[in-house]
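Good morning, colleagues. Please take a moment to look at the sequence and the structure before I go through a few of their features.

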Amino acid sequence: MSEPLLDVRDLRVSFRTRTGVVTAVDGISFTVGPGDVVGLVGESGSGKSVSMLSVLGLIDNPNCVIEGQALFKGRDLLTMSDDELRAVRGQEIAMIFQDPMTALTPVYTAGWHISEQIRAHEKVSKKAALARAVQLLDAVGIPNAADRVNSYPHEFSGGMRQRVVIAMALSCNPSLLIADEPTTALDVTIQAQILELLKSLQSEFGSSIVLITHDMGVVSQMSDRVMVMYGGRLAEAGPRREVMRNPLHPYTWGLMASIPPTDGTRVARLAAIPGAPISPGDPDRDHCLFSARCRFVSDTCRPQPELVEHIPGHFDSCVLPFADRVELRRQAMTPLEVAP
Amino acid sequence: MSEPVVDEGGLLLKARQIAKHFPIRTSQGKQLVQAVDGVSLSVRAGETLGLVGESGCGKSTLGRCLVRLLDPTSGEVIFDGVDITTKSRRELRTLRLGFQMIFQDPYASLNPRRRALATVEEPMLTHSLGTNAEIRARALMLLEQVGFDPSYADRYPHEFSGGQRQRLGIARALAVAPKLLIADEPVSALDVSIQAQVLNLLSDLQRDNDLTYVFIAHDLAVVHHIADRIGVMYLGELVEVGSSTDVYTAPRHPYTEALISAIPVIDAEAEMRERIVLTGDLPSPIDKPAGCAFNPRCHYAQDICRTDKPTLQLLDDGREVACHFPL
């Protein structure tokens with residue numbers, strides 16, 4: 001494998017609060033290679049957004065403690081000065097957020113947003129930057145880009161606004177794009193458009209993408225590799241096809257079984273995960289964090305299990321005997337016909 | 001427009017030609033947002049009717065018209081043989097014992113200063129449905145039914161998680177023992193694992209209490225899971241109605257087909273799905289396209305679709321589709 005573009009090592013993010021330390025990210029390590037699309041999937045509070053925000057130095061909270069390393073092209077983002085980081089952000093690493101309206105300033109036009117971004121990183125005239133903005137808007141599929149460049153955010157629909165944000169993110173041709181729930185606020189038919197767009201832009205520009213989402217379907221459509229997070233840790237990580245067809249961690253099983261089948265079959269009840277996600281403020285963390293909700297819990301779930309590579313490239317952090325997993329998965333994912 | 005042909009027996013709710021127009025002021029003067037435009041539907045006792053569509057299709061407005069949280073501009077809603085559209089507010093109060101609503105945002109729909117038990121008791125006190133002791137007992141029973149142990153009774157909404165708040169909202173809706181529940185996006189604000197729990201709870205409650213549901217959501221996979229019949233809405237109109245399995249596995253309206261193909265599936269390779277990516281955005285309900293409202297985005301559109309508006313027709317397989325060229 002070639003040199004990774006982003007190499008995150010043992011990243012830990014915690015917040016000091018009045019009620020104690022809240023651990024949002026609890027020692028995750030992963031790499032993103034050039035041209036890779038990595039899906040980071042998990043529920044609210046799993047640490048998926050915080051992990052990427054902390055890597056980019058976007059957490060503006062004096063009570064936040066970030067430990068570990070995040071090597072981008074060999075340089076540690078976590079020890080960079082603000083000026084160095086500013087040169088990387090926007091130019092080499094760009095981010096797309098969930099809500100395109102809050103990512104845009106309502107009093108400026110789409111063209112201003114994009115040319116501002118270009119001019120922050122490159123020495124070009126306003127005119128040239130605006131011309132680039134038109135090209136970019138055209139590339140992300142906004143009709144009449146030459147006119148629309150003068151439109152304000154509120155004049156665009158949600159999907160079109162997200163396209164403007166994508167155009168902004170791509171304006172400096174970043175080698176890494178971090179997309180945090182880019183389609184969650186959009187309707188399904190518009191979501192399909194934006195995902196197609198991201199895919200085609202990815203193959204055209206060759207950027208790597210880290211896609212943060214709660215939607216297993218979106219992840220499986222977009223990513224080469226999938227990482228499933230729970231309680232700030234990686235529950236499972238591996239190539240997409242492996243994780244989707246041969247999930248190994250009981251949390252991944254539950255997550256998949258919680259989604260109503262999309263193949264046309266109907267079940268009476270879903271094999272839902274009982275209980276609620278673990279609170280990141282819980283001080284007792286030396287155990288499998290999913291064990292409280294896991295039907296296969298036993299004494300071996302304590303202390304905290306290691307991430308093990310059972311199949312080449314496919315990691316999981318469960319202590320269940322590997323040989324039994326297929327059978328246990330069948331039990332866990334079979335929809336329940338009647339209430340227990 | 002043809003009336004849907006249905007067996008009149010066992011109908012709990014029937015809506016005829018519901019329209020809801022909102023007047024607005026724009027730079028072009030006064031205009032009408034045609035949020036719901038001539039929707040007729042019927043719900044049989046004990047079934048779940050799913051209403052699905054994208055934002056702005058009028059599904060929530062329709063849901064609110066069905067319980068008269070909004071007064072429809074025209075049309076009538078007949079609940080259990082009574083036309084509720086002509087009733088006064090006072091009469092509605094009693095009638096609403098028969099139908100209740102669950103909302104999308106369980107936090108906004110709960111009083112932050114009222115404890116869980118009081119929240120569930122309130123509708124019963126309002127309607128004087130028993131002595132205080134009976135009401136308290138029933139409220140505790142309902143809290144248990146939606147999965148809370150008694151220690152939760154004295155908690156305030158902010159002490160509950162999103163899924164728990166939604167369950168509290170469900171308990172409150174059930175307090176007056178309604179026959180019909182209208183659920184407007186009840187699970188879309190929840191995490192998937194919690195969403196599955198609430199969907200299971202709704203299924204259990206339906207079975208145990210003989211409930212009838214109108215389930216409004218944008219997620220077709222969820223609607224397919226919970227509903228017996230599905231109505232697909234586009235720009236204020238129903239474009240396809242049929243059994244859940246039929247609509248999902250063999251859609252006959254091009255919009256339904258596109259909506260289904262847009263669902264991101266977990267194992268796309270295994271399902272061998274052909275993706276139809278719709279071009280363009282949803283047109284504005286202020287200025288609807290002439291002819292079929294879907295024609296600007298439709299892959300199959302022909303000349304007639306741009307001039308003549310198709311009406312909901314009953315096809316030979318029992319499906320109702322508003323399309324000149326059903327699939």
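Predicted model: local features only at pLDDT ≥ 70, side-chain atom pairs only at ≥ 80, totals over all residues.

The buried residues of H9(B) are Pro254(B), Tyr255(B), Thr256(B), Ala258(B), Leu259(B) and Ile260(B). With six of its eight residues buried, H9(B) is mostly covered.

What do the buried residues of H9(B) pack against? Within chain B, their partners are H7, strand E9 (229–234), strand E10 (237–243) and H8. From chain A, helix H8 (188–205) joins these partners.

That brings me to the two chains together. In total, 37 residues of chain B are in contact with 40 residues of chain A. On the side of chain B that touches chain A, the elements giving two or more residues are helices H6 (192–209), H7 (220–226), H8 (244–249), H9 (254–261) and H10 (268–271) of chain B. H6(B) gives the most, with nine residues.

The largest nonpolar core has 187 residues, and Leu211(A) and Val232(B) touch the most other members. Leaving aside neighbours within four places in sequence, the contacts of Leu211(A) include Val37(A), Val38(A), Leu40(A), Ala179(A) and Met222(A).

Finally, chain A as a whole. Its secondary structure comes to 12 helices and 12 strands. Of its 340 residues, 47% count as buried. A compact globule with 340 residues would have a radius of gyration near 20 Å, and the 21 Å of chain A agrees with that. Along the principal axes, the C-alpha atoms of chain A fill a box of roughly 65 × 50 × 45 Å.

Note on methods. Residues numbered from 1 in each chain as written. Chains lettered and ligands numbered in written order. Contact = placed C-beta atoms within 7 Å. Helix = DSSP H or I, 4+ residues; strand = E, 2+ residues; numbered from the N terminus. Buried ≥ 20, exposed ≤ 12 C-beta atoms within 10 Å, placed from the backbone. Core = buried A, V, L, I, M, F, W, Y, C linked by C-beta atoms within 7 Å. Rg over C-alpha atoms; globule rule 2.2 N^0.38 Å.
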